[in-house]
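Grab a pencil and work through these exercises one at a time. Try each task yourself before you read its solution.

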Amino acid sequence: MNLEPEDPRLTAHALGELEADELAAVESAIAADPLLQAEIDGIREIQTFLTSGLSTPDEHLLPAQRERILRVARGRSGPSGVRSIASMRDALHPWLIPAAAAAVLAVTTFILLWMPGETKPIKTVGNPTVEPTTPPEISPPPTLIEPIIPDRSLISQTDPLTLGLPVLAEKSGLEILSKSILTDGRLPPEDAVKLGEILNNFQFRLSGMASISRSAAKKWHPDNRGDTGVSNHVATLSSELISCPWQPSARLLLISLRANPLTDSEVKITYHANPETVQSHRLLGFKAADGTAAGDLPSRLPAGSVVNLAMEIEPSKPGTDLGSLEWSTDGEDAPPISLVLNPDAEPSDDARFAALVCTWSEWLAGDQAGIINADIVAALAREIASSTLPPDRTEFLNLIERSIHLENE
Amino acid sequence: MSENPDNSSKETPASSVDTGSSPVPIELKLSPADRVKFIEQAITDHQSPLIGYATSILHDLDLARDVVQDTFIRLCEQEIEKISGNVKSWLFTVCRNRSLDVLRKEKRSQPLEEIRWQKVAGPGLQPDEKAQQDERLNQVLGYLEHLTDRQREIIILKFQQGLSYHEIHRITGLTTGNIGFIIHTGLKRLREIIPDDLRS
């Protein structure tokens, strides 16, 4: 075989890509020609340069992204149950279309007749007899990227004194709002506002009671931090009670759950209201579904993630004990948090910022129509604004400002 | 209906499903739990190279992560048995197409020299080593700017992602002969412009 130094087969040979039927002949030609051997050496030299130079560090998906993918995977019933929209469209018989339209119309009418208003009253604790009868369970259809229990969906609650809290580390809601407000120049649809996801974009150091879950199995000890230098705690839960910005008689309970940086865990949190002092309560961003069977709440806390929640609690009479937060990690009970109100305590800066996030989200979502307006949001934002705010919070204030302008346009 | 971006399902093994690099095959007729396990394994095996590849196209680590997330979500929609054995190529193909879609929409024209590789030092990688790696990477990417778009893409697939000519064929649709020629001419050009002392 006669080979020229310009022959691409030399490169293929140097890179181990030559087909077997040509390999022997090319190797013989190279062995017989020093010029070809030098060419092979040059190719391998540049190969080494590129392979080492182009190596990139191991980048990984963010914990929330990984969790979102796995939620989608878990939401699928298996290969036989997986069907694309295209395949379903192909399988749809023409006669089914008017029938389906009629069914959709009937279901929509049914839902509209039963659906509670946007300003559904918050859950009453003290007088269960005034509760509405069991509403129909309206479960949103599962979608590809939505959490298992999306924000603003129904939270099952069979006991008016307790409320299971969802562990949702999702945070993409703010990005969606930013795109709508800053890029598209319009306020987002109310049902696109996901308060929990917006809160999760920020990290809060709350100044109220806190609790650390330490797995007994891991034999936690302050001096035993392992090779990673990271504490073996499973998760930390912190809280803060402040005045509710839009309802002076109510309290805003802020909750921040912080995962261990390296390990995932299963976390269950339940709010237990004190029937002596609490008239009503609600989890912001969700609608209560009284009397429905308790479902499985999202409980997976990805490593390194932070989950923030906010509740509005309406006291029935003066009192400082508003109940407790009980929680467990990986099936082991963690120390509960007593929700004791200190009327003299000044809210922390983080709690005031969290209250602004909640107020703005509630306003955009229309959850407190007639109570929260742009003036209240603007006043709270002015209180928060300072030159020392972190960049992400400054950007958030800019977003609020833009949204208020859009409202006034 | 399974998405098959490269029309290569004929190579699907009949007896097992694997993520392309996992030594542990997953039996057919996946249960929901096995399906999740398969996706988890695929993420573990391929997330890092896919993010690196998407970053080389988009020049933006955050966007690259978003594209890779979309890619794995698309994988969740597939009938995994139909793409088993080709999962790696399938992921790279979807990732490439999604990246190019995003690129067209974003109209990003940031030159490679200005890439801000927002790296986090991996285990055992000291800050000075990380800085050296960044510098070397940016230097090589700078040389790749002298190539055509096609040459640059194929060379990144070959030398950064370690893909074979056949795998690159599945992703790009180019023939293996064409790929060999593009790599040959690309390397020749690089040997002309990269100083000897850097290569040795």
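**Exercise 1: Chain A**

What share of the contacts in chain A with a separation of 6 or more comes from residues 24 or more positions apart?

*Solution.* Before we start, keep in mind that this is a predicted model.

- Step 1: Take the contacts in chain A with a separation of 6 or more; residues 24 or more positions apart account for 78% of them.
- Step 2: Look at the secondary structure, which in chain A comes to 11 helices and 13 strands.
- Step 3: Check the burial: 44% of the 409 residues of chain A count as buried.
- Step 4: Finish with the surface. Chain A exposes about 20400 Å², and 55% of that is supplied by carbon and sulfur atoms.

**Exercise 2: Chain B**

Find out how many helices and strands chain B has, then describe its burial and surface.

*Solution.* 

- Step 1: Count the elements. You get nine helices and zero strands in chain B.
- Step 2: Turn to burial, where 52% of the 200 residues of chain B count as buried.
- Step 3: Now the contacts in chain B between residues at least 6 apart in sequence: 67% of these join residues at least 24 apart.
- Step 4: For the surface, chain B exposes about 9100 Å², with 49% of it coming from carbon and sulfur atoms.

**Exercise 3: Where the chains meet**

Describe the interface of chain B and chain A, going from its area to its residues.

*Solution.* 

- Step 1: Start with the area. The two chains, B and A, bury about 4700 Å² between them, and 64% of this is on carbon and sulfur atoms.
- Step 2: Ask who supplies it. On the chain B side, B:Phe159, B:His184 and B:Arg191 give 14% of the area buried against chain A, more than any other three residues.
- Step 3: Count the residues in contact: 55 from chain B and 46 from chain A.
- Step 4: Go for the polar pairs. Between chain B and chain A there are 11 residue pairs in polar contact, both residues being at pLDDT 80 or more.
- Step 5: See which element of chain B does the most here. That's α1(B), which gives 11 residues to the side that touches chain A.
- Step 6: Sort that side of chain B by residue type, and you have 29 nonpolar, 13 polar and 13 charged residues.

**Exercise 4: Salt bridges across the interface**

How many salt bridges does the rule find across the interface of chain B and chain A? Work through two of them.

*Solution.* 

- Step 1: The rule finds four salt bridges across this interface.
- Step 2: In one of them, the side chains of A:Glu39 and B:Arg191 meet at 2.8 Å, N to O.
- Step 3: Another pairs A:Glu59 with B:Arg65, whose closest N and O atoms are 3.2 Å apart.
- Step 4: Buried means under 20% relative accessible area. A:Glu59 has 9% and therefore counts as buried; B:Arg65, at 10%, is buried as well.

Notes:
Residues numbered from 1 in each chain as written. Chains lettered and ligands numbered in written order. Predicted model: local features only at pLDDT ≥ 70, side-chain atom pairs only at ≥ 80, totals over all residues. Heavy atoms only, no water. Contact = heavy atoms within 4.5 Å. Buried area = accessible area lost by both parts, 1.4 Å probe. Polar contact = N/O pair within 3.5 Å; in protein donor to acceptor, adjacent residues only side chain to side chain. Helix = DSSP H or I, 4+ residues; strand = E, 2+ residues; numbered from the N terminus. Nonpolar A, V, L, I, M, F, W, Y, C, P; charged D, E, K, R; others polar. Buried < 20%, exposed > 50% of the residue type's maximum accessible area, 1.4 Å probe, protein only. Areas by Shrake-Rupley, 256 points an atom, 1.4 Å probe, with all protein chains shown as cover.
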